[in-house]
Amino acid sequence: MLDRYINLLKTGEVVAFPTETVYGLGANAKNPDAIQKVFEIKGRPSDNPLIVHISDKKQVEDFASEVSDDAHKLMDAYWPGPLTLIFKKKPEVLDIITAGLDTVALRWPKHPLSQQLIAMAGPVVAPSANSSGKPSPTKAEHVKEDFGTDFPVVDAGETEIGLESTVLDITSKPYTIYRPGAVSADEIERVTDKGVIRDSNPSNNETAKSPGTKYSHYSPKAKVRWISDGDTTFVEEALYLLHSQPTPRKNNRVIHYDGNFKKMAHELYDRFRHADHQQLQYVFIEPFSEEQLQNPIVQALENRISKAIG
Ligand code: TXA
Ligand code: MG
């Protein structure tokens, strides 16, 4: 079933495939022409670097110039899985991948189909398989919505997590999280026995280091807003995403997650896209409490929703 996609990758074509986080738009990491196509298809600015996806810890050495003890600890603890690590790069890593930075982002995804694809076709660069600025795809249909019904997608249904991987820079200390994800800051601190900088706020100078954080992201056409305190008015042309506050209304415009934040993360981007299909004006989301924000998946949700708000 994968043969066709493996051949496409080997011959310099671009293929979308599932990971445990979101669908990726893959191209052979050794082929600059194929990688150029990824930027063109997505409409991605060329100064935003790509993650290289590998299928074996040994492949790290083909891209990273130094692999510290902490890097080994993190890889052993979380790979394969939703953690992207930023290493100092080897000189032979293509500039088009790293946008000219002296670092390279590496990730070993957990989804069995992504592992087979990479094992057979070799390492692939893969940004999320959405048009730049759109919500990341969590279903093959989302990819086809953005790139056309004939676009080659390895279809494995819905992705498990639904939000992109944690991005962690381990090239300088203290280590810095550029993008929160399912692997939490607390877990990283425990594994490395070192404090990490968790502030992924793009206004605080990280933009130069992780260019992706400066672009608007994850946004549907509908305006995304937090529900403000005490606001009980109900807007007709809106989708409501609630997780804790009681509501007398439950219908297809009022979704209640009843504290199931994993489900909320799993569905968030699909709900955003749905709001656009229904031409809604707004997506209103119940804000998270300090206590809820102790949960890593809630931190990732808060980050993506804040970016969608802009
Ligand atoms: O879960 C994921 O990570 C998904 C799946 C497909 O693996 N991929 C993904 O890729 O979200 P993308 O390109 O949409 O987001 C990668 C982020 C961007 O914000 C980019 O700027 C950052 O990682 N990044 C990549 N290489 C970097 C580097 N060398 N230094 C700093 N940030 C980097
Ligand atoms: Mg993306």
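Biologist: What relative accessibility does Lys 194 have?

Modeller: First, this is a predicted model: local features need pLDDT of at least 70, side-chain atom pairs count only at pLDDT 80 or more, and totals for chains, interfaces and linings use all residues. Residues are numbered from 1 along each chain as its sequence is written, chains are lettered from A and ligands numbered from 1 in the order in which they are written, and side-chain values use heavy atoms, leaving out hydrogens and water. Buried means under 20% relative accessible area, exposed over 50%, and partly exposed in between (1.4 Å probe, protein chains only). Lys 194 counts as partly exposed because its relative accessibility is 30%.

Biologist: Which residue does Lys 194 meet in a salt bridge?

Modeller: A salt bridge here is a side-chain nitrogen of Lys or Arg within 4 Å of a carboxyl oxygen of Asp or Glu. For Lys 194 the N to O distance is 2.7 Å, and the partner is Asp 70. That links distant parts of the chain, 124 residues apart: Lys 194 sits in the loop between helix 8 (185–192) and strand 9 (196–197), Asp 70 in helix 4 (69–78). Helices (H or I, at least four residues) and strands (E, at least two) are DSSP runs numbered from the N terminus, and the residue you asked about is Asp 70.

Biologist: How many residues apart in sequence are the parts tied together by Arg 273 and Asp 146?

Modeller: Their side chains meet in a salt bridge at 3.0 Å, N to O. Arg 273 belongs to helix 9 (261–277) and Asp 146 to helix 7 (140–147), so the parts tied together are apart in sequence by 127 residues.

Biologist: Switching to the open sheet, which strands are at its edges?

Modeller: Four strands form it in the order 10-13-11-12, with parallel pairing; two strands pair if DSSP finds at least two bridges between them. Each edge strand pairs on one side only, and these are strand 10 (223–226) and strand 12 (254–256).
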